[in-house]
Amino acid sequence: MNNLNKIPFHDSSLRHSTGQAIYIDDMPEQENLLHGAPVLSKFACGKIKKINSDKLNDLPFFTKIITAKDIPGENEIGPIKNGEPILAEEFFSYLGQPVAIVLAKTNQEAIYASSLVEIEVEFTTKPILNLDDAYKQKSFLEDPMILEKGNVKKEMLQSDYRLSGDFEIGGQDHFYLETHVAMTFPGENNEYVVWSSTQHPTEVQHGVGKVLNIPSAKIDSKVRRLGGGFGGKESQATIFAAMSALGAYVTQKPVKIRLNRHNDMTASGKRHDFKVYFTAGFTVDGKILALDIKLLSNGGNVLDLSGPVMTRALTHLDNCYFIKSLKAIGYVCKTNTVSNTAFRGFGGPQGMLAIENILYSVSQHLQKPIDKIRQINYYSRLNGLKTPYGQIVKNPRIERVLKEIYKLSDYKNRIRNIKEFNLNQKNNNLPFRKGIALMPAKFGISFNKPSLNQGGALVHVYSDGSIRLNHGGTEMGQGLFIKVAQVVAECFKVSVDQIHITSTNTAEVPNTSATAASSGSDLNGMAAWNASNIIKNRMVDHAAKLFKKNKKDIILNDGRIVCGNKSLSFSELAFSCWENRISLSSTGYYKTPKIYWDQGKLKGHPYFYFTWGAAISEALLDINTGESRILRANIVQDCGNSLNESIDIGQIEGGFVQGLGWLTCEELCFSQEGKLLTTGPSTYKLPGSRDIPKVFNVKLLENADNEEKTIFRSKAVGEPPLLLAISHFLALKEAIKDSSEETKPELLNSPATPSEILRVLKA
Amino acid sequence: MAELINTILINNKKVEVENIQHDITLLDWLRNYHKLTGTKEGCAEGDCGACSVIIEDNGSGSSRPINACLVRLGQVIGSSVTTIEGLGCDKNPHPLQVAFTKEHASQCGYCTPGFIISGISLLNSNKKITDDTINDAISGNLCRCTGYSPIIKAIKSVSNEKIAKNNNQTINKNKKINFGNVTYFKPSNLKELKNYLNDVKDFQFLAGGTDLNLHRPIINQKEDKIICLDSIKELNSIKHFKEKIEFGGAVTIENFLEAIRFKMPELIEILQRFGSPQIRNQGTIGGNLCTSSPIGDIAPILLVLNSNLKVFGRNGFKKINIKNFFKGYRKNILKKDEIISSLELPIANKKNKIFSWKLSKRYDQDISTISLAINIRIQNNIIKELHMAAGGVAATPKLLDKLCKQMLEKHLDDSIEFAIYNLDKFIQPISDLRGSGFYRLEAMRGLLRRLQICLSQNKKSLSIMEV
């Protein structure tokens with residue numbers, strides 16, 4: 001795309017920097033606004049005998065308590081299955097579950113008052129707090145999912161070696177800097193306007209409608225920007241939006257709910273932690289002939305999006321490798337912890353870490369470098385191109401990506417240097433070890449559920465030539481708004497400054513999908529292109545009439561409409577169109593072609609295309625203390641024909657660092673009673689500025705137009721870079737391997753905290 | 001006498017503090033009473049930096065970044081506060097705000113104002129702008145979107161840009177401030193403090209408040225009397241002597257760090273990792289000791305240097321040794337009316353070597369899982385003098401004197417082997433969310449190995465950051 005000669009910045013960047021960008025908590029407050037704070041359960045499971053709010057009566061300020069009894073509609077916001085209340089009614093099923101909401105005139109008063117409400121409980125069953133217990137007790141949120149290919153039994157028997165093992169993959173809190181927040185304004189005739197920090201305004205609209213028993217048409221769900229989402233505000237935002245709407249319904253006053261960090265971390269879902277059990281059968285060379293694998297994911301107390309998360313984990317288990325026979329069973333475990341949810345990668349990173357851990361163990365077993373094992377297992381015409389779920393990997397770009405990254409990272413020389421460094425450390429009785437490792441990655445783009453793959457946009461051209469853009473995607477920092485604006489500008493051949501970006505609003509574009517699955521620009525970019533194109537065609541038709549020429553003689557260029565040696569400015573033509581009663585407004589719609597999926601059999605063609613990428617990371621380890629850091633990272637990512645290289649590089653760097661956090665320092669700790677202990681940044685450590693690689697080079701794959709017809713042949717970018725951080729996890733294993741003769745790096749669980757690393761070193 | 005009006009200078013404008021029903025934080029006041037919404041709440045525990053503002057005490061001339069969520073409004077009456085809105089707006093932005101745009105240093109933008117406040121504070125200091133000083137300056141700010149590199153680039157691209165100094169408007173510094181049920185008393189010297197100690201009943205002391213304010217209720221239902229220590233002249237003094245430095249109890253961690261930067265460079269790394277600039281500029285050394293946390297990054301250092309403390313109370317001064325200060329988990333020997341008025345930091349003998357190490361999940365802005373301070377003298381590989389103290393291994397910071405005694409007069413290698421082998425007889429650390437008991441014990445053994453290498457191979461610190 002060549003809309004501007006320079007790449008536009010994030011549309012809000014200057015206002016971010018001056019503090020003028022308005023988030024929901026920054027919006028002007030009406031005089032009669034009430035603030036709400038949730039009352040959270042103090043035990044992991046049980047029956048509610050009584051909610052005692054007597055103490056609120058003694059307070060010198062106004063309060064009002066709201067419980068499930070006040071809900072006029074259904075106490076239900078499950079995005080997939082029913083049984084997911086916004087407020088616990090009879091039973092509660094995790095420690096921290098919202099049981100009531102207390103309203104007051106200030107947020108401080110509401111939070112204080114909420115702490116005075118007592119919940120009298122009757123204990124029923126013993127809580128289930130970990131994956132193995134859930135599995136043993138067959139506590140599942142849905143039937144096991146089975147992905148099968150070939151004859152595992154037979155191939156296993158024919159393998160030269162069989163290797164079994166297990167490992168854990170920890171969860172992760174989203175830690176968006178802006179906690180969950182929503183503000184609802186009641187209007188006349190049962191109308192409600194809900195502003196919420198959501199990735200899915202339509203689901204908020206549906207959830208509020210269900211809870212209040214009001215049709216969607218009466219509810220406008222809006223959001224200008226989120227202070228970070230990362231999947232955490234895909235389905236979960238609806239819970240808190242519905243709470244604010246319930247408060248507004250009961251009091252008929254505007255109600256805002258903004259969670260404090262402690263409540264946000266306690267009462268909102270996270271990345272699923274997984275436990276993996278596997279047996280792999282392979283040849284002497286390391287070719288995987290059979291993989292028998294069991295994935296346990298922690299769904300938490302209710303299903304939420306855990307089903308599709310498991311589906312994506314299962315369909316990313318193959319990563320870049322052709323696996324001859326596979327039997328993978330996914331169990332979504334039901335535990336008495338907060339319901340886990342979408343998080344950047346959506347199960348993909350867990351599936352891919354699983355196969356990489358397995359390949360690492362195979363390489364250890366055969367005493368060969370993991371890259372050698374990978375090399376003979378990659379998808380290729382020789383090995384095969386059919387994924388376990390049936391989709392063909394048409395043109396794998398893995399070779400191109402690897403060639404590029406080997407070159408950029410000076411990989412081979414560095415492997416040698418690191419061996420020398422480690423030997424030198426060992427000989428001098430020094431504690432440092434280095435490791436270097438590659439992570440190749442293939443990531444499927446599209447929601448696994450075909451119906452979600454649709455987008456809508458609404459474009460108005462005004463008679464002064466200014467253009468107003470609206471679409472179904474939400475802006476959470478990823479730069480979607482500027483990318484879609486670029487698309488519109490390119491269609492009309494005007495400067496991107498001429499496009500006015502507006503808040504996402506279900507009243508303007510209805511029935512939208514969540515901004516998730518990296519699909520934001522694919523879906524909304526194409527929808528906006530289609531809307532713009534409809535208007536453009538009408539304008540060009542009119543211009544042809546004005547110039548008395550054929551339509552094909554009209555050229556749009558640099559804000560002007562040119563025909564031979566005559567021309568009009570875009571605004572002149574817009575005005576003329578209005579004068580001549582030509583509509584300058586259009587919706588646009590797009591649905592992703594080619595995809596189909598059988599969720600029962602886990603077969604089909606779920607992904608419109610794949611993105612490819614690779615990273616090489618160098619890790620440093622202190623074998624005395626278990627401390628570690630990343631020294632250098634190179635990344636090559638396939639973004640197709642990038643819509644905005646700067647924005648894409650930002651996504652790659654940020655996603656990679658988020659992945660580093662997941663795999664190293666971010667550790668969710670629970671008490672034996674199921675209480676989350678890490679409920680703030682003082683105890684839950686996400687990466688800081690010193691935790692990034694000192695040498696950090698990111699490159700987009702060049703000349704890499706998408707083979708599929710996406711918007712300007714670009715590719716999605718949001719999620720895939722996160723899992724490239726697995727390169728660092730593997731580099732840590734390499735460093736552990738060189739610490740002494742006897743170490744077993746394959747024992748390393750994620751996150752690789754100093755505690756975990758030292759455990760492995762001493763094992 | 002009529003009560004003086006409480007005023008604060010915000011972005012160079014004098015603002016009267018009115019209609020405050022409850023004792024609230026500076027952050028809530030800025031956002032809710034003045035709609036200065038560029039300052040964000042990210043965590044309300046001083047760990048994310050989204051609420052950073054620059055504060056300048058009336059007349060002090062030195063500005064410093066702090067977390068507005070950890071400071072109560074009553075603490076900053078009479079001070080000057082600069083928020084993100086005071087630096088520039090889209091029509092007239094500060095060069096650093098422009099740089100953040102140009103370098104794509106914001107994505108969701110929620111953390112951005114806080115980073116800019118930290119960046120400006122660095123640019124306004126006399127420090128050289130390097131990757132290292134930038135990382136220090138933003139160690140109290142979290143960004144979840146960008147992965148930090150563009151932020152570092154943006155700050156680097158704008159060197160030597162200083163903001164205009166606040167004009168010298170003088171504003172009232174009231175001695176008694178009342179918000180809702182809370183009364184703040186602000187003595188300006190020890191004599192005034194003594195008067196308050198005699199007159200005021202049931203009070204709490206407050207120095208910086210970075211710990212205490214975390215535990216204070218969001219709404220004060222009961223009456224609360226706070227005696228603020230930060231304005232007391234004597235408690236802010238730093239006196240250099242030949243063999244020691246004497247610090248007033250309310251000296252901030254940051255000023256403590258700067259005062260010893262060249263005299264005891266061995267301690268700089270651990271102090272640089274103490275909280276963040278925002279915390280170090282607010283928290284005080286006396287306050288750090290008085291919280292008596294089992295970790296207390298400063299306590300192990302003072303223990304191995306055999307520091308003396310001066311305690312001040314209703315009955316005047318008394319002197320005690322740091323060894324006798326801690327009594328149990330978050331308990332110390334101070335009576336209700338006593339404070340640490342000063343502490344001395346003995347400058348170690350040149351023949352001695354000082355080490356101070358901290359292990360945590362994250363390098364910056366994290367609480368130690370364990371820490372270890374060592375003061376050692378060896379002669380011909382024989383340990384002649386040894387003091388070790390550890391944090392995070394017991395209910396209080398722990399002087400390992402019994403172990404040290406057994407290590408004396410032995411060959412370095414033998415005595416460290418002995419210590420490693422027998423360590424579990426001297427410490428029995430527990431498991432918690434910062435690390436397992438197993439880890440604490442093994443990592444402590446690892447630090448002893450590190451000590452051995454440092455001494456035998458003449459290495460300064462063997463920090464993972466130096467590789």
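These notebook entries record what I looked up in a predicted model.

**Conventions**

I treated the structure as a predicted model, in which local features need pLDDT of at least 70 and side-chain atom pairs count only at pLDDT 80 or more, while totals for chains, interfaces and linings use all residues. Residues are numbered from 1 along each chain as its sequence is written, and chains are lettered from A and ligands numbered from 1 in the order in which they are written.

I took helices (H or I, at least four residues) and strands (E, at least two) as DSSP runs, numbered from the N terminus. I called two strands paired if DSSP finds at least two bridges between them.

**Entry 1: strand β14 of chain A**

I began with strand β14(A), residues 288-300. A residue is buried if 20 or more other C-beta atoms lie within 10 Å of its own, exposed if 12 or fewer, and partly exposed in between, with C-beta atoms placed from the backbone. Because 12 of the 13 residues of β14(A) are buried, the strand is largely enclosed by the rest of the structure.

I then looked up its partners. Strand β13(A), residues 274-282, runs antiparallel to β14(A) and is joined to it by nine bridges; Lys275(A) has Leu296(A) as its bridge partner. Five residues lie between the strands of this hairpin, in which Gly286(A) takes a positive phi near 100 degrees. With strand β15(A), residues 325-334, the pairing of β14(A) is parallel and covers 10 bridges. Asp292(A) stands opposite Lys327(A) of β15(A). From β14(A) the chain passes through helix α8(A), residues 306-315, to β15(A) in a right-handed β-α-β crossover (with the strands pointing away from the viewer, the path from the first strand over the helix to the second runs clockwise).

**Entry 2: helix α8 of chain A and its surroundings**

I followed α8(A) to helix α9(A), residues 348-366; their axes come within 7 Å and cross at roughly 35 degrees. Axes are lines fitted to C-alpha atoms, for helices over the stretch in contact, and angles run from 0 to 180 degrees between N-to-C directions. I counted residues as in contact if their C-beta atoms, placed from the backbone, lie within 7 Å. On the α8(A) side I found Arg312(A), Ala313(A) and Leu314(A), which meet Gly348(A), Gln350(A) and Gly351(A) of α9(A). These residues divide into two nonpolar, three polar and one charged; Ala, Val, Leu, Ile, Met, Phe, Trp, Tyr, Cys and Pro count as nonpolar, Asp, Glu, Lys and Arg as charged, and the others, Gly among them, as polar.

I also examined Met145(A), which lies in strand β7(A), residues 145-149. It has 19 C-beta neighbours inside 10 Å and therefore counts as partly exposed. Leaving aside residues up to four places away in sequence, Met145(A) touches Met310(A), Thr311(A), Leu314(A), Gly330(A) and Leu602(A). Its C-alpha atom is separated by 8.6 Å from that of Val332(A), 187 residues apart along the chain.

**Entry 3: a sheet in chain B**

I noted an open, antiparallel sheet of five strands in chain B, in the order β10-β11-β16-β12-β13. The edge strands, each pairing on one side only, are β10(B), residues 238-240, and β13(B), residues 316-321. Neighbouring strands are turned by 20 degrees against each other on average, direction ignored. Helix α8(B), residues 253-260, packs on this sheet, touching β10, β11 and β16 of chain B, and makes about 165 degrees with the direction of β11(B). Its buried residues are Ile253(B), Glu254(B), Asn255(B), Phe256(B) and Ile260(B). Between β12(B) and β16(B) I found four antiparallel bridges, and Leu309(B) has Leu343(B) as its bridge partner.

**Entry 4: where the chains meet**

I found 69 residues of chain B in contact with 71 residues of chain A. On the chain B side, α2, α3, α5 and α15 each give two or more residues; the largest share, nine residues, comes from α15(B). By class, that side has 35 nonpolar, 21 polar and 13 charged residues.

Which elements cover the buried residues of helix α19(A)? They include β27, β28 and α18 of chain A together with β17 and α15 of chain B. Seven of the nine residues of α19(A), residues 754-762, are buried, so this helix is largely enclosed by the rest of the structure.

Terms used:
Two residues are in contact if their C-beta atoms, placed from the backbone, lie within 7 Å.
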